[in-house]
Amino acid sequence: MSYGFKLACVSLAAFLIVNWTAAMMVSGIAPAAIRAAAGMRARSAARLLWTLRMAPSAAALLAVMALGVPSYLRFEPEGDGEAVGAACLVTALLAIAAPLNSMMRSARAVWRSRRAAGLPIAMAGVIQPRLVLSGEIPRLLSSEELDAALRHEYAHAASRDNLKRLLMLLAPDSFAFFRPLASVERAWKKFAEWAADDEAVSGDRRRAVALASALVRVARLGAAAKYELVTPLIEEDLALRVERLLDDSHPPARPAIRGPWTLAACIAGLAVIFAIILQPGAQSGAYALLEALIR
Amino acid sequence: MDLVWSRGESSVRDIVERMERPLAYTTVMTTLDRLFKKGLLERRKSDRAFVYSPQMTRAEWEQKLAGQLVRSLLADRRRSSDVLISSLVDAVSEQDESLLEDLERKIRRKRRELERQRKK
């Protein structure tokens, strides 16, 4: 069996195992994380939940690329005639199926979102998002309401929410009908909407009322088509969003974690990961695990 | 569940103190334990007592309950699913309409309030 084929099989199988283990761990802490997010500013909450949703796939990719592949290339002798075991082969096939399914879903979503027809007001497109506005909207909304609604959509564009949606589609988390990270994804969508509301309003109470009014007026137009990579003005939780906009006491006072703290946390995280990878025994340990997986 | 949803993490004593109808400590403890075993609550040990928190939000629970109800109604072959679905659509439309009217009332009230504050 060829050296490259074995490497591909073992890398895919390792990716699936690490991704699944990490996804199950994240799903275990998800209820606590979602509760913690409820006490944060909406943008920080959305950021936390998106990081959690992407963490398993990122960890799996990092483990394979930084540890699995280098250790295989370093220790695996060429032409040793070792065959890939059935369990490893099946796991590798499952590992292909999951990202393939994600890629097909993503490609379909990108294709569908190109037209984004039948939507009253939305932000469509991943790399260069564009505003979709039906002809009736400027007639339906007052200038103040239209301004608030447009600010909401541009807030989605500024935070690259459609790109984040695409990356979530690409990061496999499903096994048959079980999606361990579905609750994290739903919570992210809610907080991303709230964050765009907060940024559109920017503390102006009149604008908050105008946005609430725009939401209700657009909701009166009826249910619109749904696209995975399009952010419409209203997706779900209309009542909750309107009541939140009318409530003067939001957002909670806890400050957003950003700027130097985020950078410091990322650098510290990367330092820990590289410290583990560069440990003398790390590669040989990883190779021993890969060997066990191949058989 | 209402108390745990509104209050968040709660011990048996917290719930007993907030019950409108006085109930024995052991009754509440047994009920919370059953809700935990049914997967509606999660719990952790704090000192020597359990602290309970909801496993899902009220909206998630209502969604799950509604899904189960609709599935059970549609699964009953003696009933016509068309009639059920059309009644359901009617009910949802009426609910939507009343919800939107309610939200519009709140928006009008808020506008008036802001207007009054501006004039002061």
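Select B:Asp47 to begin: this residue sits in the turn of a hairpin formed by β2(B) and β3(B), with 2 residues between the strands, and has a positive phi of about 55 degrees. Strands here are DSSP runs of E with at least two residues, helices are runs of H or I with at least four, and both are numbered from the N terminus. You are looking at a predicted model, in which local features need pLDDT of at least 70 and side-chain atom pairs count only at pLDDT 80 or more, while totals for chains, interfaces and linings use all residues. Residues are numbered from 1 along each chain as its sequence is written, and chains are lettered from A and ligands numbered from 1 in the order in which they are written.

**Along the hairpin of chain B**

Now colour residues 41-46 of chain B, which are strand β2; 6 bridges join this strand to β3(B), and the two run antiparallel. Two strands pair if DSSP finds at least two bridges between them. Pick B:Glu42 and look across to its bridge partner in β3(B), B:Ser53.

Next, click on B:Ala49, in strand β3 (residues 49-54) of chain B. Is B:Ala49 buried or exposed? B:Ala49 counts as exposed because it has 12 C-beta neighbours inside 10 Å. The rule is that 20 or more other C-beta atoms within 10 Å make a residue buried, 12 or fewer make it exposed, and anything in between is partly exposed, with C-beta atoms placed from the backbone. Leaving aside residues up to four places away in sequence, B:Ala49 touches B:Ser11 and B:Val12; contact means that the C-beta atoms, placed from the backbone, lie within 7 Å. B:Val12 is 37 residues away along the chain, yet the two C-alpha atoms are separated by 8.2 Å.

**Over to the sheet of chain A**

Show the strands of chain A in the order β2-β1-β3: these 3 strands form an open sheet with antiparallel pairing. At the edges are β2 (130-133) and β3 (230-232) of chain A, each pairing on one side only. Strand β1 (residues 121-124) of chain A is joined to β3(A) by 3 bridges. Select A:Met123, and you will find A:Thr231 of β3(A) opposite. Packed on this sheet is α5(A), which touches β1, β2 and β3 of chain A.

**Two crossing helices**

Axes are lines fitted to C-alpha atoms, for helices over the stretch in contact, and angles run from 0 to 180 degrees between N-to-C directions. Residues to highlight include A:His152 in α5(A) and A:Leu211 in α8(A).

**Where the chains meet**

Display both chains: 12 residues of chain A are in contact with 11 residues of chain B. On the chain A side, the largest share, 7 residues, comes from α8(A).

**Into the core**

Finally, which residues have the most contacts inside the largest nonpolar core? They are A:Ala13, A:Leu49, A:Phe191, A:Leu211, A:Ala212 and A:Leu215, in a core of 81 residues. Such a core is a set of buried Ala, Val, Leu, Ile, Met, Phe, Trp, Tyr and Cys residues joined through C-beta atoms within 7 Å. Helix α1 (residues 3-38) of chain A gives the most to this core, with 15 residues. Apart from it lies another core, of 5 residues, among them B:Val4 and B:Tyr52.

Notes:
Contact = placed C-beta atoms within 7 Å.
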